[in-house]
Amino acid sequence: MHQHPPGRLTLPRVLLTDRAFVYTNSTATDIRATLQRARHLQAQEALQQRLTAAQAQPALPGVPPAPPRRVRAGLGQPLVLPSL
């Protein structure tokens with residue numbers, strides 16, 4: 001009788017005889033690409049958390065934040081930008 005090595009035995013999600021089964025070639029399951037996608041996703045989530053934290057704290061104490069101004073291009077009016 002065949003003995004499985006110690007550890008977790010994983011079973012396929014879809015049976016081979018099921019119509020939902022799709023064969024994936026081993027070259028299409030490149031672990032390097034998978035890890036790169038996971039790192040990119042983690043970096044995006046970390047950036048989103050930093051941006052959320054930065055928005056939560058005021059830039060200067062006592063100065064209320066100005067509401068965003070929406071400007072449409074091509075209205076024929078000169079655009080005046082604030083100077084620093």
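Select R32 first: at 62% relative accessibility this residue counts as exposed, a class that requires over 50% relative accessible area, whereas buried means under 20% and partly exposed lies in between (1.4 Å probe, protein chains only). The model is a predicted one, in which local features need pLDDT of at least 70 and side-chain atom pairs count only at pLDDT 80 or more, while totals for chains, interfaces and linings use all residues. Residues are numbered from 1 along each chain as its sequence is written, and side-chain values use heavy atoms, with hydrogens and water left out.

R32 and D30 form a salt bridge, their closest N and O atoms being 3.4 Å apart; the term denotes a side-chain nitrogen of Lys or Arg within 4 Å of a carboxyl oxygen of Asp or Glu. By this rule the count comes to one salt bridge. D30 is partly exposed, at 28% relative accessibility. D30 also caps the N-terminal end of α1, with a side-chain oxygen 3.3 Å from the backbone nitrogen of R32.

Next, select residues 31-56, which form helix α1. Helices are DSSP runs of H or I with at least four residues, and strands are runs of E with at least two, numbered from the N terminus. Helix α1 has 26 residues and spans 38 Å from its first C-alpha to its last, close to the expected 38 Å; the expected span is 1.5 Å times one less than the number of residues. The protein has one helix and zero strands.

Move to L16, in the segment before α1. L16 is exposed, at 68% relative accessible area. Together with F21 and Y23, L16 makes a nonpolar surface patch of about 380 Å².

Finally, display the whole surface. Buried residues make up 0% of the 84 residues.

Methods:
A polar contact is a pair of N or O atoms within 3.5 Å; within protein, one must be able to donate a hydrogen and the other to accept it, and residues adjacent in sequence count only if both atoms are side-chain atoms. Patches are made of residues with over 30% relative accessible area and no salt bridge: like charges are joined within 9 Å, nonpolar side chains (Val, Leu, Ile, Met, Phe, Trp, Tyr) within 5 Å. Accessible areas come from the Shrake-Rupley method with a 1.4 Å probe; for residues, only the protein chains shown count as cover.
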